[in-house]
Amino acid sequence: MCLNNMDELREQFKQIEILRFNIMNNYVMGIVKIEEIDMFRDILFTFRDILYEYETTEDTLLEIAKMKSMIQHYNTEVLEDEDVLKIAYDNSN
C-alpha cells in the first residue's frame with residue numbers, strides 16, 4: 001500500500017474506521033470471527049507504518065496526529081480486548 005497524498009491517506013483511514021465499526025458491531029451481535037480481526041490487524045499495521053513515515057506539514061500535522069491517536073485506540077479496542085478476541089476465537093472454531 002502506497003499512499004501518495006493526504007486525500008489517499010484520509011480515504012484509507014475512512015476504510016479502517018468502517019472495518020472497525022463492522023467488527024465492533026459484529027462483536028456486540030456475538031458474530032465476530034477471528035478472520036475479521038486478522039484482516040483488520042494487517043490493514044491497521046500497514047496503515048500505521050505508512051502514517052508514521054508520512055511527511056507532515058503545518059497543514060497536516062493535527063490531522064495526522066489525530067489519525068495516529070485513533071489507530072492506537074483501535075489497536076487497543078479491537079486487537080487487545082480479551083472479550084472481543086474470545087468471541088472471535090469461539091466463533092471461528
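Good morning, colleagues. The model I am showing is a predicted one, and every value I quote was computed from its atoms.

Let me begin with the overall architecture. The chain has 93 residues. It contains four helices and zero strands, so that, in the DSSP sense of those terms, the order of elements from the N terminus is α-α-α-α. Along the principal axes, the C-alpha atoms occupy a box of roughly 45 × 20 × 15 Å. Of the residues, 33% count as buried. As for contacts with a separation of 6 or more, 74% of them are between residues 24 or more positions apart.

I turn now to the charged side chains. How many salt bridges does the structure hold? The count is six.

Asp-7 is exposed, at a relative accessible area of 56%, whereas Arg-10 is partly exposed, at 35%.

Arg-10 also forms a salt bridge with Glu-63, and in that pair the closest N and O atoms are 2.7 Å apart. Which parts of the chain does this pair link? Arg-10 sits in helix H1 and Glu-63 in helix H3, residues 61–79, so the bridge joins distant parts of the chain, 53 residues apart. Glu-63 is partly exposed, with a relative accessible area of 26%. Taken together, Asp-7, Arg-10 and Glu-63 are linked in a network of salt bridges.

A further salt bridge is formed by Asp-49 and Arg-48, where the closest N and O atoms are 4.0 Å apart. Since the criterion is a side-chain nitrogen within 4 Å of a carboxyl oxygen, I would ask you to bear that cut-off in mind when reading this pair. Asp-49 is partly exposed at 42% relative accessibility, and Arg-48 is also partly exposed, at 32%.

The structure has one cavity of 30 Å³ or more, and the largest cavity holds about 30 Å³ of space. Which residues line the largest cavity? They are Leu-44, Phe-45, Arg-48, Ile-71, Gln-72 and Asn-75. Helix H2, residues 34–53, and helix H3 each provide at least two residues of this lining. The charged residue is Arg-48, because Arg counts as charged whereas Leu, Phe and Ile count as nonpolar, and Gln and Asn fall among the polar residues.

Let me next consider a residue in a loop. Thr-60 is located in the loop between H2 and H3. Is Thr-60 buried or exposed? Thr-60 is buried, because its relative accessible area of 12% lies under the 20% limit. Neighbours within four places in sequence aside, Thr-60 is in contact with Met-6 and Glu-55.

Finally, two residues for which I have C-alpha separations. Asn-22 lies in helix H1 and is partly exposed, with a relative accessible area of 35%. The C-alpha atoms of Asn-22 and Lys-86 are separated by 17 Å, the two residues being 64 residues apart along the chain. At the other end, Asn-93 is found in the segment after helix H4, residues 82–92. Asn-93 counts as exposed, at 82% relative accessibility. From Asn-93 to Val-28, the C-alpha to C-alpha distance is 19 Å, for a sequence separation of 65 residues.

To summarise: we have a predicted model with four helices, six salt bridges, and one cavity of 30 Å³ or more. Thank you for your attention.

Methods: Residues are numbered from 1 along each chain as its sequence is written. This is a predicted model: local features need pLDDT of at least 70, side-chain atom pairs count only at pLDDT 80 or more; totals for chains, interfaces and linings use all residues. Side-chain values use heavy atoms; hydrogens and water are left out. Buried means under 20% relative accessible area, exposed over 50%, partly exposed in between (1.4 Å probe, protein chains only). On a 1 Å grid over the protein atoms alone, a cavity is a set of points where a 1.4 Å probe fits but cannot get out, and a pocket is an open set with protein on both sides within 12 Å along at least five of seven lines; lining residues have an atom within 4 Å of a point. Grid points are joined across faces, edges and corners, and a volume is the space filled by probe spheres set on the points. Contact means heavy atoms within 4.5 Å.
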